[in-house]
Each structure stands twice: as C-alpha cells, then as structure tokens.
Amino acid sequence: MPIIVHSITTSLEEPAEAALSRAASLLGVRAADACIVKTSLDARKRGDIHFVHTVALTLGTPEEEDAAASRCADRRVSLRREEPLEIPRGTRTLEHRPVVVGFGPAGMFAGLLLAQNGYRPVILERGGEMDRRVAAVERFWREGTLDPGTNVQFGEGGAGTFSDGKLTTRIGDPKCGWVLREFVRFGAPAEILYRAKPHIGTDRLREVVKNLRAEICSLGGEVRFDTALTDLVVTGGRLRGARTSAGEIPADVLLLAAGHSARDTFEMLLRRGFAMEAKPFSVGVRIEHLQAEIDRGLYGEHAGHPALPPGEYQLSHRVGERGVYTFCMCPGGVVVPAASEEGMTVTNGMSYHARDGKNANAAVAVSVTPADYGGGPLGGAAFQRELERRAYAAGGGGYRAPAQDIGHFFAGKAGLDAARVRPTYARGVTPCDFHELLPGFVSSMLETGLRAFGKKLPGFDAPGALLTGVETRTSSPVRILRGEDYQAPGAGGVYPCAEGAGYAGGIMSAAVDGIRAALAVMAEYRPFD
C-alpha cells in the first residue's frame with residue numbers, strides 16, 4: 001500500500017527523476033523505493049509548459065507508510081490501496097465450452113480472463129490471423145483489392161489494430177489497471193502504466209495481440225479465424241448453439257463481442273427478434289495538418305523542444321443539442337482506407353509507436369441521433385452505408401477518397417490545394433465539396449466547429465489544412481439490449497458486450513466491458529474443466 005504524492009512538477013529542462021526526490025522531500029523521508037506512476041504535460045500556458053507527475057513511494061513497513069502519510073498534511077498525499085480483480089465462482093455446470101464472438105479488445109480480454117480461470121473458451125473471429133490480415137490490408141491499400149472478411153475492421157485485434165493504439169478512457173474502472181498490466185506483460189511499452197495519454201502504436205500492438213492469443217491457447221482456449229457468426233440457435237428462451245461459416249457449434253453461453261462494423265450480425269439479430277435500438281453516433285471527415293504546425297499551435301516558442309512529445313489535441317464545440325468534436329487524434333500519423341464492404345469509402349487514422357510522420361490527423365465528427373436518420377433499429381447503419389457509397393462515388397471509384405482543403409470548404413467550392421499539406425490516404429484522393437457530399441446539418445456544423453477550433457488552437461482552421469472523408473465508424477449505430485445480468489432478454493446465455501453492442505467506445509472501455517461480461521459468466525458457471 002504505497003504512499004501516493006500527486007502534482008509534483010518538473011520543467012522541460014529537468015529529468016523526470018527529479019520528481020522522485022521532491023516527493024520524498026515533501027514527506028520528509030528517503031525515497032527508498034519510488035517510481036513515477038503517472039505523467040502528464042501541462043501546456044495550458046505556453047510560457048510555462050511543464051510536466052506533472054504522480055509518484056508512488058514504498059517505505060520499509062506499512063506502519064512507516066501510515067506514519068509518514070499522517071505526518072504530512074499536504075492534500076497531495078494519500079495512501080493507495082490496490083483493488084485486485086475479484087473472480088467470482090459460480091456453481092452451475094457448462095455443457096459446452098463458452099463461445100466468444102470477435103477477437104477485438106473485448107473478445108481478447110474476455111477470452112484471456114476465461115482461459116486463465118479454466119473455462120477454455122472457443123473464440124470465433126471472422127477475419128484472419130495477424131500476419132495474413134496485415135498482408136490483406138496492405139494489399140488493399142496498395143491495389144484496391146478489398147477482402148470483405150479480413151480488412152481494417154475485421155481480423156485479429158479488431159479495428160484498433162490499425163489505429164494509434166490509444167488506451168485513454170474516461171470510465172474510471174479499476175479493471176483498466178488490470179488491462180494495462182496485461183498489455184505490458186504481453187509486450188507493450190511499460191510507459192503505458194503511467195502516461196496520462198498512453199498509446200502503444202499499431203506496430204507494437206500487433207505483436208502484443210499475437211502474444212495474448214498464444215497465452216489463451218496455451219491455457220486450453222482456442223481462436224478460430226476466418227469463422228464468421230451467421231446465426232444463433234435459441235429455443236425456449238435459451239441459447240442452444242451458434243451457426244458459423246465453418247459449421248454449427250453447440251453452445252449454452254456466448255459472449256457477443258462483435259465490433260461496430262458487424263452490420264450483417266446486427267441484421268441477423270434483428271431477424272431473430274433480439275431487442276435492439278438505434279443509438280446516437282457521429283460522422284464527419286479526417287483533418288490533416290503538418291505536425292510541426294500543430295506543435296507550434298500547442299507549444300508556441302517551445303515547439304521542437306526534445307523533451308516535448310508530438311502535440312495532441314482534443315477539441316469540442318456545441319450548438320444547442322448538436323455537438324462537433326475531434327476524435328482519435330493521431331500525431332505523426334496517416335489517414336487510412338478503412339472500408340469493410342465493397343463499393344464504399346471509409347477513412348480512419350493510424351500512427352506507429354514513434355509517431356514520427358510529417359502529418360497529424362484526427363476525425364472531426366458531428367453528432368447524429370435517431371431523429372436525424374429514422375428507419376428503426378438499423379437506421380443508423382443504413383445512414384452510414386449511404387454516406388460511404390456517396391463518398392466512393394465522389395472519389396471516382398477504386399476506393400479513392402473525396403478531399404477538400406479548408407479554404408475551398410469555407411468558400412463552398414469544390415477544390416483541393418495540397419501544396420502545403422500532402423494527403424496521406426493510400427488509395428489517392430479526388431477534389432470534392434463536402435457541402436454537397438454530407439447532409440446539410442453535418443456540413444454546416446462541421447464548418448462551425450472548424451472555425452471554433454481555430455480560435456482554440458491557432459492554425460487549426462488554416463486554409464491549407466486538408467479534409468478527407470468520410471469518417472463514419474466512430475461508434476456503433478445500434479445498442480443490443482441486455483439485463484443487469486448482462487444477458488439479452490429472451491435469449492439466456494447470450495451476453496452482448498462492448499462497442500458493437502453499444503456499451504463502449506475505444507480499446508480500453510471495450511476491453512473492460514468484455515471483462516465484465518466474462519465475470520458475469522463466471523459468477524454463474526464453474527470452470528469448464
């Protein structure tokens with residue numbers, strides 16, 4: 001139970017280790033065993049940019065720690081009590097091994113937890129294993145040959161595999177710590193344990209995912225790639241089996257961790273009478289700037305200092321009930337083709353661990369609600385598809401993307417001036433007018449947001465900044481309803497979870513929701529062994 005000291009600052013010129021001695025001095029003790037457990041950058045005042053650290057100190061005995069903490073009246077000092085991941089023990093017997101659908105963050109960590117506790121899960125992933133998936137994605141980016149089963153959205157690791165590998169979240173669940181520690185154990189950089197905005201990078205994440213899969217298999221679990229869920233067998237209100245592209249599997253428990261792009265799965269569930277509802281999500285474009293210009297906007301005269309990381313931003317603006325915000329910001333990254341269905345253009349952003357590319361990019365997304373698109377539970381998916389088809393046509397086919405610089409966008413004219421910011425989208429871009437491509441309420445709010453963001457971050461709305469579209473896969477357009485026991489009403493044994501089911505957004509929250517679903521299974525059933 002170490003002593004935690006918050007808000008210890010160091011300048012750009014000081015080593016981070018200076019925070020250790022300052023924390024010990026504040027307590028009046030020697031830093032016998034001290035480490036930094038969190039670091040963030042405070043760049044709110046460009047004249048006073050500094051790092052803020054949280055330090056953990058372990059003394060000789062718990063009694064000494066209690067005494068030192070009680071002597072110090074500083075509010076920055078507290079005792080930390082680790083909350084272990086409590087594993088419930090159910091008593092019911094499973095007739096069949098539990099099935100997990102999807103090997104993204106939720107499926108990976110649900111499968112890992114089940115495997116570690118003797119449940120020997122069978123995990124179904126419609127896409128390919130990592131090496132084949134990377135080859136398929138790179139071939140698509142290079143040649144425009146899309147594999148609908150294995151692509152940026154589907155395959156080992158989920159959609160997050162081709163992203164920045166961001167591990168930020170706002171859910172504040174202690175399970176996040178367990179997820180981060182497991183990531184490190186499987187090869188992620190140790191810095192994710194203390195960085196305020198941790199990321200792994202798509203290159204490092206790929207190896208981490210393969211290592212995680214190896215442990216699941218070593219513990220009796222199984223991952224079946226190129227195996228899509230096609231139907232569920234539910235009789236008498238209980239799950240009896242799962243039909244897949246490789247045949248039928250008997251099952252009495254199934255964790256449904258399909259991602260936000262599993263539209264055929266949503267359609268199957270609706271046909272089967274599952275309780276579902278449309279939910280809000282967001283659509284928009286990717287914006288690209290020179291990373292050096294973002295750094296200058298954030299850091300001012302300190303831009304380029306070797307102690308500073310590539311600049312990151314998170315911006316939002318609201319007019320009435322409508323919001324526009326930046327999402328999935330990728331410092332030093334690229335805009336990637338992210339389609340999963342033929343004849344549709346979708347964009348996403350990706351960074352490698354080094355974040356050393358010339359451009360920065362982020363989604364600029366406008367909120368949409370069921371009132372905007374109608375059409376019942378799957379109206380949002382239809383809305384997404386229509387935008388993606390229109391983007392494909394505007395790009396001229398071949399998965400080229402429509403693009404426009406902000407100067408032309410503000411002027412309401414089709415055009416693209418890429419002299420300053422070169423587009424990184426691998427399939428190539430075609431000049432367009434997003435006012436014509438996007439629904440009016442989206443394009444007008446996008447323009448309002450870009451102007452507002454330019455006032456918050458100098459240079460953000462510069463005429464040479466580049467817009468590429470469309471960004472439609474920000475979150476799931478549906479919610480698959482579940483009860484407090486995490487099971488779908490009228491389909492006992494089916495546990496909808498994570499992003500595809502509408503309960504998470506991003507790697508960390510999806511992983512945690514998958515863990516919660518696994519714990520719900522473990523609370524009812526004893527290990528399969």
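Let's start at one residue: L457 touches I294, G297, L298, Y313 and L315, not counting residues up to four places away in sequence; contact here means heavy atoms within 4.5 Å. L457 lies in the loop between helix 13 (440–456) and strand 21. Helices (H or I, at least four residues) and strands (E, at least two) are DSSP runs, numbered from the N terminus. Is L457 buried or exposed? L457 counts as buried because its relative accessibility is 2%; buried means under 20% relative accessible area, exposed over 50%, and partly exposed in between, with a 1.4 Å probe and protein chains only. Along the chain, L457 and I294 are 163 residues apart, and their C-alpha atoms are separated by 8.1 Å.

Before going on, a word about the model. It is predicted, with local features needing pLDDT of at least 70 and side-chain atom pairs counting only at pLDDT 80 or more, while totals for chains, interfaces and linings use all residues. Residues are numbered from 1 along each chain as its sequence is written, and side-chain values use heavy atoms, with hydrogens and water left out.

Seven strands form an open sheet in the order 14-15-18-13-21-19-20, with mixed pairing; two strands pair if DSSP finds at least two bridges between them. At the edges are strand 14 (316–319) and strand 20 (429–431), each pairing on one side only. On average, neighbouring strands of this sheet are turned by 30° against each other, direction ignored. Axes are lines fitted to C-alpha atoms, for helices over the stretch in contact, and angles run from 0 to 180 degrees between N-to-C directions.

Two helices pack on this sheet. Helix 8 (residues 291–299) touches strand 13 (281–290), strand 15 (322–330) and strand 18 (359–368), and its direction makes about 95° with that of strand 13. Helix 10 (residues 379–395) touches strand 13, strand 18, strand 19, strand 20 and strand 21 (466–471), with its direction at about 35° to that of strand 13.

| Strands | Sense | Bridges |
|---|---|---|
| Strand 13 and strand 21 | antiparallel | 5 bridges |
| Strand 19 and strand 21 | antiparallel | 3 bridges |
| Strand 19 and strand 20 | parallel | 3 bridges |

E288 stands opposite L466 in strand 21, and the bridge partner of Q404 in strand 21 is L467. In strand 20, P402 has T430 as its bridge partner. Strand 21 is mostly covered, with 6 of its 6 residues buried.

Elsewhere, two helices meet. Two packed helices are described by the angle between their axes and the distance between the axes. Helix 3 (residues 105–116) and helix 14 (residues 507–524) pack at an angle of about 40°, with their axes 7 Å apart. Helix 3 contributes P105, A106, F109, A110, L113 and L114 to the contact, and helix 14 contributes residues including I507, A510, G514 and M522. By class, this contact has 13 nonpolar, 1 polar and no charged residues; Ala, Val, Leu, Ile, Met, Phe, Trp, Tyr, Cys and Pro count as nonpolar, Asp, Glu, Lys and Arg as charged, and the others, Gly among them, as polar.

A last stop is T150, in the loop between helix 4 (130–143) and helix 5 (175–185). T150 counts as buried because its relative accessibility is 2%. Leaving aside neighbours within four places in sequence, T150 is in contact with G127, G128, R132, R133, A136 and D226.
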